[in-house]
Amino acid sequence: MINILIAIAILGIISALFGALLGYASVKYHVQGDPIVEQLDALLPQTQCGQCGYPGCKPYAEAVANGELINKCAPGGEDTIKKIADLMGVEVQPLDESHEQDSSSNGPKVAFIIEADCIGCTKCIQACPVDAIMGAAKQMHTVIADECTGCDLCVAPCPVDCIEMREIPETPQSWQWDLNKIAIKQLT
Amino acid sequence: MESIIERITQGKFWPFHGGIHPPEQKHFTCDKPIRQLPLPKQLIVPLQQHIGRQGDLLVNVGDKVLKGQPLTQSMNPMSVPIHAPTSGTISAIKRSVIAHPSGLSELCIFIDVDGEDTWRARNICANYTQLSNQQIISKIADAGIAGMGGAGFPTHIKVNTKPDINFLIINAAECEPYITADDLLMREHSSAIVDGIKILDQLLSPAFILIGIEDNKPQAIKALQQATQSIEKIKVCVLPTKYPSGGEKQLIKLLTGKEVASGALPLHAGIVVQNVATCFAISDAVINDTPLIRRVVTLTGQALAKPQNVWALLGTPVSYLLEQTGFNSESALSDQQTTSTPPVIMGGPMMGFSILNEQVPVVKTSNCILAPSKTEMPSAFAHNSNEVECIRCGQCADVCPSQLLPQELQWSAKAKDHPQLAALNLFDCIDCGACAYVCPSQIPLVQYYRVAKAEIRRQQQLDLKAEKAKDRFEARKVRLEREKIAREEKQKKAAAARKAAMNKKTPAAGAAKSAVAAALARVKAKKAASSGESSATITKNIDSANVNTDVNTVNNSAEITDEKSQVQAAIERAKAKRLAKNKAAQQQPESSENIKQDISADTSADKAPTDTEAAKTTHAPADDKKAKIAAAVAKAKAKTQAKALAKKQQDSEEHSNAETDAEVSDNLNAVTIDNKLEISSLTKPALAQDDKKAKIAAAVAKAKAKAQAKAKALAKTQNDQTQQPLVEEVVSPKNETTTDDKAELSEQVDKIEGKSHTKPTTNSENNLAPAPNDKKARIAATVAKAKAKAKAKAAAKAQAKLDGAANAIDTENTNEDRQ
């Protein structure tokens with residue numbers, strides 16, 4: 001009888017000890033926030049274009065973390081979908097057709113304001129998600145090309161249609177080796 | 001450090017890992033002197049010829065330029081200017097294909113050569129030792145010198161260093177096959193090169209200067225050794241020939257045994273490496289004030305009839321150079337493959353690239369133009385890659401000078417596995433091509449690495465841009481939030497300021513307040529007029545809005561008097577309307593007048609510090625009102641039509657008056673409420689009897705009896721007499737309910753009552769006096785008729801009785817109205 005009591009007492013003490021340890025650890029090493037959202041946000045292209053139907057990349061990342069479809073990011077394309085699928089452990093889905101970019105060109109684009117036509121309405125400035133348009137009321141506006149994400153959001157609000165999306169010309173600095181275009185061969 | 005020098009003097013070196021021994025092929029050009037070429041017709045000078053940024057244009061189309069004149073300038077430290085290689089006219093500034101594997105176009109300056117080769121003014125500096133370091137560096141920068149070994153790093157940045165330099169290494173290895181440009185330069189211009197080395201020595205003051213040169217250039221070694229005999233510091237280190245010993249890190253390892261860590265610069269190890277051609281350019285720039293406008297280019301390959309090293313002006317099109325050296329495209333294309341142009345390679349066979357257009361100009365980094373024949377280099381002519389699968393032989397890893405794993409890299413590059421490539425240190429690859437050279441499967445490994453490197457760089461740029469966009473997006477969100485809060489605060493402040501201005505007891509504020517109150521009242525009056533609401537309700541509303549607890553009782557008492565005057569007014573109105581036909585036209589102005597008066601009475605009551613004042617202010621408007629009503633009544637009397645309509649409207653008016661009473665009495669004490677109940681109970685039957693009255697009146701008109709009229713007149717005067725005690729009875733309890741303190745007020749209220757009593761009485765007398773006269777006249781006219789009709793008498797008597805009853809009701813009505 002005494003032995004049983006001793007056994008129970010010892011086990012009780014051990015369980016209390018480990019319980020306290022676990023409790024302490026859960027408080028001490030508590031993970032703050034939702035790291036998956038941050039990871040998803042890092043995968044998205046950060047154009048803030050809103051083509052996914054969310055007002056920016058972070059809101060879409062949050063939505064994906066909460067079960068939204070992963071195939072709504074048009075600027076990211078298949079690569080981004082693949083990365084998100086890897087991260088979320090879901091199957092790769094083809095890019096949603098309604099979110100597909102126009103097939104005319106896939107190159108990165110930048111907004112361009114035809115300054116002679118600009119009436120200075122500031123509508124595009126309000127639409128720009130990254131504040132990449134300079135200007136003031138009744139003053140000519142212009143796009144800071146380096147900051148422009150090519151999201152297209154400024155084109156629609158322009159009352160005089162003076163904004164167009166132009167492709168960024170390829171330079172030797174941005175040029176990509178294309179093994180299909182240039183025959184690869186070792187010369188020696 | 002001493003041990004390093006000891007080892008070097010003993011001729012021992014630290015071998016680097018890997019390396020290959022490809023056929024040297026230097027015999028084509030190594031035994032011929034550097035040839036001076038005639039001036040080409042046109043030069044194409046790209047704005048950017050090196051790593052970094054291009055400068056801003058200084059010239060325009062049509063400008064005459066002199067030899068050595070700068071064409072661009074820039075404040076950017078990573079930028080060096082370009083200069084006109086000879087005198088001439090700028091014919092165009094446009095995009096043209098540049099020396100780049102992509103074959104893309106960049107902005108170039110086209111110079112039509114005038115053939116005079118006129119120099120700009122030059123300052124020959126015989127004694128460079130007198131120049132300060134800063135002067136030398138600015139001279140180097142202004143001369144547009146960029147590393148001439150291949151990468152083209154701006155030299156003035158490389159020599160402008162602070163930390164102590166242990167070794168200055170002059171790279172004269174020239175390890176790539178075919179190329180002999182540096183070899184010939186060393187042979188012919190060793191003294192100039194040594195001058196350049198001395199200038200670098202002055203700038204960097206290193207402990208030792210090591211010239212690394214491969215043992216396949218005996219004449220150059222001899223020339224350098226002779227030129228540096230007198231200088232203890234300079235050691236000419238003869239290295240065994242092995243590709244790629246000319247690689248910066250490989251040369252450092254060979255000479256010093258030190259390995260430069262991945263991602264680090266040699267400078268961190270106290271080592272600066274300069275190409276031998278750069279040393280020549282430095283001496284030319286500092287001593288002769290000659291900018292970098294020409295360089296030695298090896299023109300070689302079996303497709304050339306006269307392969308030779310030439311002094312080529314920068315911007316000389318490759319086609320001109322090939323032409324000068326007897327390029328035989330037919331011998332290159334020995335077979336029937338005339339469909340494609342023969343390959344021309346810029347740079348060496350290991351690290352160069354095919355140029356797609358022979359208009360490509362020579363730039364600062366172009367050291368060799370290779371035009372091979374098909375037998376010499378069949379792979380350059382092959383249109384399809386002979387690549388087969390990797391057999392995992394591992395030879396590539398054996399020869400890699402950077403000790404990487406080329407086959408692993410290749411797989412990861414094909415799979416675009418960028419993290420894995422980074423883990424395999426792809427960026428330590430120097431693109432030497434040794435792995436591809438030994439590959440039995442003929443896999444163009446370097447090409448895969450180049451693609452992968454470019455992709456990773458692009459991805460890094462995109463990531464950087466994405467990060468920036470994210471920051472800007474977040475910043476914008478914060479800004480919008482801040483602006484929203486600021487706007488709300490501003491609105492709040494403005495509202496508070498308005499309120500404060502209103503509550504100030506200044507006359508201006510009071511005026512503003514009353515103006516607002518008047519405006520409010522006007523709006524409400526309109527509403528009341530349209531909905532038929534009584535003015536008293538408005539009064540009450542305004543009262544409750546302006547609640548002032550301190551003078552609550554005052555308000556109450558003021559209201560009492562006010563209400564009394566209202567009641568009286570209502571009575572007047574009722575009477576007026578009884579007589580009026582054009583009721584609508586009359587009522588509206590009246591009611592609005594009432595409202596105005598009520599409001600003014602209320603506001604003054606609010607402001608009034610004492611009870612008496614409040615009471616007094618209420619008097620005046622009440623009196624005014626009576627006068628107005630009297631006038632209105634007088635007008636109404638003139639009109640004697642549409643009695644039935646007037647009565648109906650009056651009925652509704654009485655309804656609303658009764659309601660007013662009910663509402664007003666809410667403000668009174670319980671005693672008053674009891675009285676009210678009685679009043680309201682009286683009002684209801686009175687209203688019901690009004691209809692009867694109308695009928696009776698109609699009947700009276702029909703009857704047209706004299707006696708009746710007289711009786712009525714008498715009855716009315718009697719009623720008026722009885723009115724006074726009645727009203728006083730009703731009013732007195734109200735006054736009693738007010739507190740004793742307000743004795744004065746109640747007295748004055750009584751006075752008002754008195755006034756109001758007398759006036760209606762006179763009014764009613766006025767009302768009645770003309771009316772009987774009219775009647776009398778009519779009666780007189782009808783008497784004749786009546787006499788003729790004797791039978792009507794009985795009916796008339798009955799009617800008289802009815803009329804008396806009607807009159808009694810009338811009096812009651814008026815009494816109630818007054819209350």
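A nonpolar core is a set of buried Ala, Val, Leu, Ile, Met, Phe, Trp, Tyr and Cys residues joined through C-beta atoms within 7 Å. A residue counts as buried if 20 or more other C-beta atoms lie within 10 Å of its own, as exposed if 12 or fewer do, and as partly exposed in between, with C-beta atoms placed from the backbone. The structure is a predicted model, in which local features need pLDDT of at least 70 and side-chain atom pairs count only at pLDDT 80 or more, while totals for chains, interfaces and linings use all residues. Residues are numbered from 1 along each chain as its sequence is written, and chains are lettered from A and ligands numbered from 1 in the order in which they are written.

The largest nonpolar core holds 130 residues, of which B:Ile169, B:Ile213, B:Val297 and B:Ile369 touch the most other members. Beyond its neighbours within four places in sequence, B:Ile213 is in contact (C-beta atoms, placed from the backbone, within 7 Å) with residues including B:Ala172, B:Ala220, B:Leu224 and B:Val236. Another core, of 18 residues, lies apart from it and has A:Ile133, A:Val143, B:Ala466 and B:Ala469 among its members.

Helices (H or I, at least four residues) and strands (E, at least two) are DSSP runs, numbered from the N terminus. In chain B, strand β11 (residues 271–275) is mostly covered, with 5 of its 5 residues buried. From β11(B), B:Ile271, B:Val273 and B:Asn275 point one way, whereas B:Val272 and B:Gln274 point the other way. Strand β8 (residues 167–171) of chain B runs parallel to β11(B) and is joined to it by 5 bridges; strands pair if DSSP finds at least two bridges between them. Within this pair, B:Leu168 stands opposite B:Val272.

Helices α5 (residues 190–204) and α8 (residues 276–288) of chain B pack with their axes 7 Å apart, at an angle of about 80 degrees. Axes are lines fitted to C-alpha atoms, for helices over the stretch in contact, and angles run from 0 to 180 degrees between N-to-C directions. The two helices, α5(B) and α8(B), are therefore roughly perpendicular (65 to 115 degrees). Their contact comprises 11 nonpolar, 2 polar and 2 charged residues. Ala, Val, Leu, Ile, Met, Phe, Trp, Tyr, Cys and Pro count as nonpolar, Asp, Glu, Lys and Arg as charged, and the others, Gly among them, as polar.

Between the chains, the contact takes 25 residues from chain A and 32 residues from chain B.

How values were computed. Two residues are in contact if their C-beta atoms, placed from the backbone, lie within 7 Å. Angles under 35 degrees count as roughly parallel, over 145 as roughly antiparallel, 65 to 115 as roughly perpendicular and the rest as oblique.
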